[in-house]
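Here's a quick tour of a model, starting with a pair of strands and ending with some charged side chains. Have the viewer open as you read.

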Amino acid sequence: MKNDSSWIRIPMPVRYLINICLIAGLWLLISSLVNAGVITNYWKGILITVGINIILAASLNISVGYLGQLPLGHAGFMAVGAYSAAIYMKSTPAAELIRSGSRSAALPYLLAAIAISALVAGIFGILIGIPALRLKGDYLAIITLGFGEIIRVTITNIDSLLGFKFTYGAAGLARIPKYTTLGNCFIMVVLSLGLIHMLMKSRFGRAILAVRDNEIAAESVGVNTTRYKTMAFVVSAMLAGIAGCLYAGYLGSLYPSTFKFMKSIEILVMVVLGGMGSMLGSVISAAVLTVLPELLRAFSDYRMVAYSLLLVIMMIFRPTGLMGSYDFSMTGLIEELINRAAGRSAKGGQ
Amino acid sequence: MARTREIQKLYPQPSQNLFLARDLDRPPVLECRRLGINFGGLEAVSEFDLAIGPTEITGLIGPNGAGKTTVFNLLTKVYEPSRGSILLNGRDTMGMTTADLNKAGIARTFQNIRLFRNMSVEDNVKVAMDNSISCGLPSAIFRLPKYWKAERHAHVRAMELLSIFGLQGLAGAKAGSLPYGAQRRLEIVRALATKPSLLLLDEPAAGMNPAETAELMETIGRIRDEFQIAILLIEHDMNLVMGICDGIAVLNFGRIIAKGTPEDIQNNPAVIEAYLGSRKERS
């Protein structure tokens, strides 16, 4: 049994060290592939999109999987983050700095843009979360659905504010400095996933999971359910804002039509397909659902058909999603292997 | 506080019959005064007066549908009372939420078990200790020493509580996978982890065989002695109620029809009528 004292445990600091080493290794692998020319510019772009989608899916998974609520306006938070970062970056000299090749000089602006997008998305998250999450039941779905549409329509219609050009409306916000690189996208993915992990494996995460499992019981043991629901929802919104920020810096131009209701559904599909409550599931399905359409460009007309079919098949054969609520732990695996080698199996050897 | 004073003016001295208490010297943990709730036109509970002294075990019995669980839901603010007041440790609980009441000292179990089924046994207990864990969001996310200290402390306390109820071996198991008896015990552990001064048990012996019930009786007594808390329990098993309760209140159609020691209740004609029907009906 795992509670057995003879079970060899890897101490916590070593676990973190192993994980950091593995992440660094992964980055070395990616960057060497880029340098060797295996990853072309085309695939670099796809990888950045994968990274953005991973942040989106993993952040929505906080609300859908861990909190057990169903927001339908994730694209709205992404839009808020994207536009606030883009407008900020356009007002700074970052564009010239990047164009002249001194990316490191533009770093403070990039950090500020990420902070601004997270903050603005977070504020909207609070504004929407508090009234919606005080109620028991599925009000959040309707309210966020409305929010997503309101944001899109607003962006389309306030092309200028107080005489300043603001969002440029339906014409789109163009010439945004292209500040997103594979490197900073990778770092943001790691940081976002790390943040989610740290949050969920602490007392806050426990309380959030408790609210999902049984709200009445959670309240009866003194858990302030509104507070934790709002906390999870706001973190989810903030990360979506950061994903939006990366998205703006990757494309260089923003159009309100990108953030339609279907975008929210696309993200939701990633979460459901990966398994609600599984971060690994979100990561895998975000990657697969980003790369697959690229590989099947020839059949792009049938994408929505394929999506719906995939979901129907999934719900019939594996309703809990690809991974269920299973979460993978690399150090857990290593621990298991060490113990196997030492002749102790997880099930036997009591 | 103003409202507390107001109530004390309205009911200057808690009447003697409010109490079942053995010791009237110490102030009661819980005091309900003229508590009532309506569901539409139905008076589910009315004129509910009850006081529970510290470390006292009180039984709440009555036929099915008498309103016993409704009383529990009023005491924990699942429902907002339509009338009357609840004083906990002398403090009026008006306007408090379920979570506030738990912080103020009421913990409960549920008739139909409500565990966090997908979480481990240990985490179920740790959730209940949430308010006593001092670790803010930044220290949790950056894993500062404060986080480790708080988590270690929580782990030790959770295991301590679990071992009192013989659940320490199951700490890593999913709560939903536990056998029925263990789930009931875990619910009690979880309630106790919030450090209550009053524990509400809603049919703790439901679905248990006589041997398990006897063990439960012993456990409830032990909880009172070890944790020094008051217990209010709803139960249909008369052996258990008569065996461990210091006082019993009998509820029928939302009203208290009798109060007293187990002996009083057993011989009370109104109680016998509520349970068995009147002599005329029976013949």
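## A cysteine and its partners

Let's start in chain B, where B:C32 has B:I86 as its bridge partner in β4(B). Turn to β2(B), and B:C32 stands opposite B:L50. Next along, B:R33 stands opposite B:S85 in β4(B). A word on the labels: helices (H or I, at least four residues) and strands (E, at least two) are DSSP runs, numbered from the N terminus.

Before going further, some housekeeping: this is a predicted model, where local features need pLDDT of at least 70 and side-chain atom pairs count only at pLDDT 80 or more, while totals for chains, interfaces and linings use all residues. Residues are numbered from 1 along each chain as its sequence is written, chains are lettered from A and ligands numbered from 1 in the order in which they are written, and side-chain values use heavy atoms, with hydrogens and water left out.

## The sheet in chain B

Those residues sit in an open sheet of four strands, ordered β2-β1-β4-β5 in chain B, with antiparallel pairing. At the edges you'll find β2 (42–52) and β5 (91–92) of chain B, each pairing on one side only. Two strands count as paired here if DSSP finds at least two bridges between them.

Strand β1 (residues 30–39) of chain B is joined by five bridges to β4 (residues 83–88) of chain B, running antiparallel. Seven bridges tie β1(B) to β2(B), again antiparallel. The hairpin of β1(B) and β2(B) has two residues between the strands, and B:G40 takes a positive phi near 60° there.

## What covers it

How many of the ten residues of β1(B) are buried? Seven are, so the strand is largely enclosed by the rest of the structure. Buried means under 20% relative accessible area, exposed means over 50%, and partly exposed is in between (1.4 Å probe, protein chains only).

Helix α2 (residues 68–75) of chain B lies across β1, β2 and β4 of chain B, running at about 115° to β1(B). For that angle, axes are lines fitted to C-alpha atoms, for helices over the stretch in contact (heavy atoms within 4.5 Å), and angles run from 0 to 180 degrees between N-to-C directions.

## Salt bridges

Now for the charges. Side chains of opposite charge can pair when their charged atoms come close.

In chain B, B:R190 and B:E187 meet at 3.7 Å, N to O. They are three residues apart in helix α7 (residues 180–192) of chain B, so about one helical turn separates them. Salt bridges that share partners also join A:R206, B:E122, B:K126 and B:E151 into one network.

Technical notes. A salt bridge is a side-chain nitrogen of Lys or Arg within 4 Å of a carboxyl oxygen of Asp or Glu.
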